[in-house]
Structures are given as structure tokens and as C-alpha cells.
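Me: I would like to learn how to read aromatic contacts and secondary-structure geometry in a model. Could we work through an example together?

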Amino acid sequence: MNLLAKLRNVSLRTKFILPVSAMLVLSTIVTSSYLTSRQTESFRRELRTSGETMIRIIAMNAESGVLFESEHELVELLNILPQFEVVTYAAIANNNGQVLAKVGQWNEQQVKGKAYIAAEDIRCRDYYVENSFGKEYYELNYPVVSRKATLSRENLGLTGGLKGSVTHEEVTEQIGSIKLILTLDEVNKAIAVARYTALFVMLVILALSIVLLTWFARMVTKPIKLLVQVTDQVSHGDLNQRVNITRHDEIGHLAATFNNMIESLKQSRAEIEDYNRNLEAKIAERTQELAQAQAQLIQTEKLSGIGQLAAGVAHELNNPLGGILGYAQFALEKLRKQLADKSGGPEVEKYVRYLGDIECQARRCKDIVQNLLRFARASHSAEFEDTDVNKVLRDTVTFIEHQLHMNQIGLKIALDPNLPAIQGHAGQLQQVFTNLIINALHASSPGSEIKIISRFSPPVGEFTGAVELWFIDQGVGIAPENLKKIFEPFFTTKGVGKGTGLGLSVSYGIVKSHGGEIRVDSTLGEGTTFTVILPVQKRPEGSDNSMSEAADQVPRSTSS
């Protein structure tokens, strides 16, 4: 417990150096021991493999010498071994144990211990041998075999044209054995040198590691001490202190963050003091902001009231317009009958033309009133039915074409005649189209042109097809930083009194409720393209993956 208490009171640098140094020493010792063990095993395995290769080569060439017990031939074969320093003894014997030839000296009586070692070749029997003097050897034994070709009785009747492998069988017979003794002195010397080298390298690495670790710990703890000193001064209220550390690592980042924190505290203190001095001005400013927000809400309510008033006026105008249209049609029918009977003169033809104009203008007024009624009822019904999008577009244009004419803005419409019906609400879609055209009108200058294009995107795979509508203007465009905000409620770039910031937000909600998507592409000074994509079959909101595929085919905004 006393040791642990002392360790808790030592410096941070000591706490860092001691455990890391201990881990370095332990890991270096373990790694060095493992590598030395593997190297020792590798040296010995290499020696044993070389010995097995030599004894196999000798066994292959000793067949005739053992068969004929030719000592001269066998001695000549073994005389190549002394040139290898690891070869201590080699002998070739027949099956009776009689040594036919040998090189070197070996005393079997001096063997103290012997252990079997599994060889790669199953015919070779390897042993680890230690003599009474403590020297280590490898003993390798390998058979000398003779191969004979035999002819069985079953194959005696075969013709001579067949391959020899078909009519002959090969039989191997052991006729002797070879013993090879290899000394491990040179291998043990190499292993000892490797161990001393590893130990030296380990000590050098440990020394360098401890030196570098000490230097690194000092480099880390020095700025921490400086941070502690500045923190103490800041805690006593001195916010003019700064940590003078210019480094590009985590400590440097910590110092910069700490300085920023002090600066923020200083600014916060100044702001609090400033707020205390100018509290009334701040309250007045916030009150003005609330008043502006309230005025915007009042404007929204006013628009809602105007919509209700427009609905009432449209209902009142609809009845007299119907009467005017009916009487005009009745009078026109009578006059046309007179013309057909040739009972009228030029004056009747003039009256027919006048009544035709009255009927045409009355129908136009009735269409405008009906569109106004449909627009006023847009938020009160959400029943979906088969809807002709082209007809809704034409009705919308009829409703606002006078405003386009008054602002000297051209309108070009290109509608796909083969557009299929969709499941939707005509009044809500008319509200969307009206908002988009009015926005294009406000963004355009006199003499420019607005294009409205519709087309059908046919089904592909699981995609059931969609109706695509493009509203293209040549106006001022939308700034890139505002593109992500235009669908937010009450966001508007128009001047005071020209918009509430609710049109695109409401339009976005309506299109989403139809399972569709609305996208915008704009370039400052060139114009804006709004793309509305409506599925042929209504989909739940949020599951419009197919819409994104169709939306990728929408053309970019053009300046034409």
C-alpha cells in the first residue's frame, strides 16, 4: 500500500516512463527469445535436411557397390563427404550388418543419449545423439535398395508390341543401409553468435527506446505544465493570459482551443456587461422582431381571408353570369334561325356577331369564376380522383394570363397530348401551378418568356411511370445558398409586400401528398427551372424511390 501511495504522488512523466519502459523490456525479451528459438530450430532443421539430401544421393549411387560388395566403389563414393565439415562419420553396410565402406571415426560406446526425430522422408530414420563428452550429433539412417523387373505368368502370353509398364512389374528389395553422423558444433556456434547478436541489439534498442521515451515524456509534460499554470491564473479571473505553444499536434490543438476558450470567456464577459448596459435596447430590438413576425402572420391570415372573400364573390358572380350566358345563347339561337330562314337583314348578322362575342366573353368569365372557386376550395378537400394534368394547367393559365399580359411577359406552352390521368386533387394541383407561375412572373423582366412543358415518363421495371412538368423562366435566378431554404415556411427573397414565403412551402406539401417530388435548378442571371414529378398511381409519402429515377431525366435550366 505504501508503494502504491508513493506511485500516486510521483510526477506524470515518471508514471508514463516506468510502465512503458517495463513493457518495452518485457516485450523485447519475449520477442528476442522467440526469434532466437525459431532461428535455432531453423539452423538445426536446415542441417538435418541437408544430411537427408546427402544420404539419399549416396543411397541412389551405392546400389551396384552393395550388390557386388565392391569396397573400392563404395569408398570412392564416400570420399566426397569429408569435404563437408559437418560430416563426422559415414558407413555403408549390407543386410548382415557387415560394414563394406566407411569414412571418419565413430564410437557407439560413447553415446550417452539418443532421441528419435521424425524425418520428412519416411524411409530415413533420424536421431538426436549426445555423447559422454556433451557433444551433440545427428544420426541419419537410410536403406540401400535394389529394383528388379519381374514378368508374371498372367502376362506371358502378351505380344511384344505392348509397353514394358504393362507386361513388367518392378520390385524393390533392401540390400543394405547407410549411416551418416553429422556434428552440431558449427550449428551451435552459429546459434551462440545469433544469441549474442540478438542480446546486443536488444540492449541497444532498449537503451535508445528509454532515451527517446524520456525525451518524448518531457516534450509532452512540459506544455501540460504550462497549461496548468495558465489555468490557475485564469481561474483567479485573469483572462489576459494565453498559452504560448506553437505546435501542430493534439497538444497544439488543445492549446489553441484553450486560448479560444479564454477569448470566448472574455467576449462573453464583455457581452454580459454590454447587455447589462443596453438591456432596454435589446428588449426593444426583440420586440420589433416579434412585431415583424406577428405582421407576417397577420398578412397570412389576411390572404386566407381574401381567399374566403374571393370564394364568396365568385359564388355571387356565378349566378348572374349563368343568366347572362343563358339569355345570350337563347337570343343567339333565335337570330340564327332568322338568318337560316332568310328573314333577317344585315342588322341581324351584326346582332349575331355581337351576341357571339357576349357568349364567348361570358363563358370566359364563367371559367375564371369556376377556377377561382376551385382555388378557394383547394385546402378544404383532399379526395383524390382521376385528374387530367393538362386541363388543370390550361385552367390555371386562363386564371392568371391577364397578369402575364399586363407585365409584358410571354408564355409558351408545350403539353404532351398523350399524357395519362393521375390520381390527384385538381384544386390543390392548380394551387401548386399558380404559385410556380406567379413566382416565375415575379422573377421575370418585361419582354422575357415563361415556358411550361409536360411529358410522360413511361414505366420501366417496377417504376409505373410519371407525369413530368417543367416551369422555366428567364428571370434573375436563385442564389446557391438559398436553394436549400426556398421550401421552408416564411422564407422569401421577394421585397416587402410581394410574398409571405408560404407559396413554395405549401406547394411542396401538396406535391408530397400526391406521392411526387418537386425540384429546382437555378443559375443566377439566367433563370430557374421548377420540375414537378407526379406518379401515375398515388404512392405513400416517403416511398417515392421511382420518382428519383424519373427526376434524373429532367433537363437543366436553359436561358432560351
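Reply: The turns below treat aromatic pairs, charges over rings, a helix and a hairpin in this predicted model.

Me: How many aromatic pairs does the structure hold?

Reply: The structure holds four. Trp106 belongs to the loop between β2 and β3, whereas Tyr137 lies in strand β5, 31 residues apart.

Me: Is Trp106 buried or exposed?

Reply: Buried means under 20% relative accessible area. Trp106, at 19%, is therefore buried, and Tyr137 counts as buried at 9%.

Me: Why is the pair of Tyr116 and Tyr127 edge-to-face?

Reply: Planes over 60 degrees apart count as edge-to-face. The planes of Tyr116 and Tyr127 stand at 70°, with ring centres 5.8 Å apart, so this pair qualifies. Because Tyr116 lies in strand β3 and Tyr127 in strand β4, the pair ties together parts eleven residues apart in sequence. Tyr116 is partly exposed at 48%, while Tyr127 is buried at 18%.

Me: Which residue lies over the face of Tyr127?

Reply: Lys114 does, at 4.8 Å from the ring centre. Likewise, the charged end of Arg48 sits over the ring of Tyr138, 5.8 Å from its centre.

Me: What span should helix α6 have?

Reply: At 1.5 Å a residue, its 51 residues should span 75 Å; the end C-alpha atoms are 73 Å apart, which agrees. Gly237, which follows α6, has a positive phi near 100°.

Me: In what sense do β12 and β13 pair?

Reply: They pair in the antiparallel sense over seven bridges, and Val520 stands opposite Phe530 in β13. Three residues separate the strands of this hairpin, where Gly525 takes a positive phi near 85°.

Note on methods
Residues are numbered from 1 along each chain as its sequence is written. This is a predicted model: local features need pLDDT of at least 70, side-chain atom pairs count only at pLDDT 80 or more; totals for chains, interfaces and linings use all residues. Side-chain values use heavy atoms; hydrogens and water are left out. Two strands pair if DSSP finds at least two bridges between them. Helices (H or I, at least four residues) and strands (E, at least two) are DSSP runs, numbered from the N terminus. The expected span of a helix is 1.5 Å times one less than its number of residues. Rings of Phe, Tyr and Trp (its six-membered ring) pair if their centres lie within 6.5 Å; planes under 30 degrees apart count as stacked, over 60 as edge-to-face and the rest as tilted. Buried means under 20% relative accessible area, exposed over 50%, partly exposed in between (1.4 Å probe, protein chains only). A charge sits over a ring if NZ of Lys or CZ of Arg is within 6 Å of the ring centre and within 35 degrees of the ring normal.
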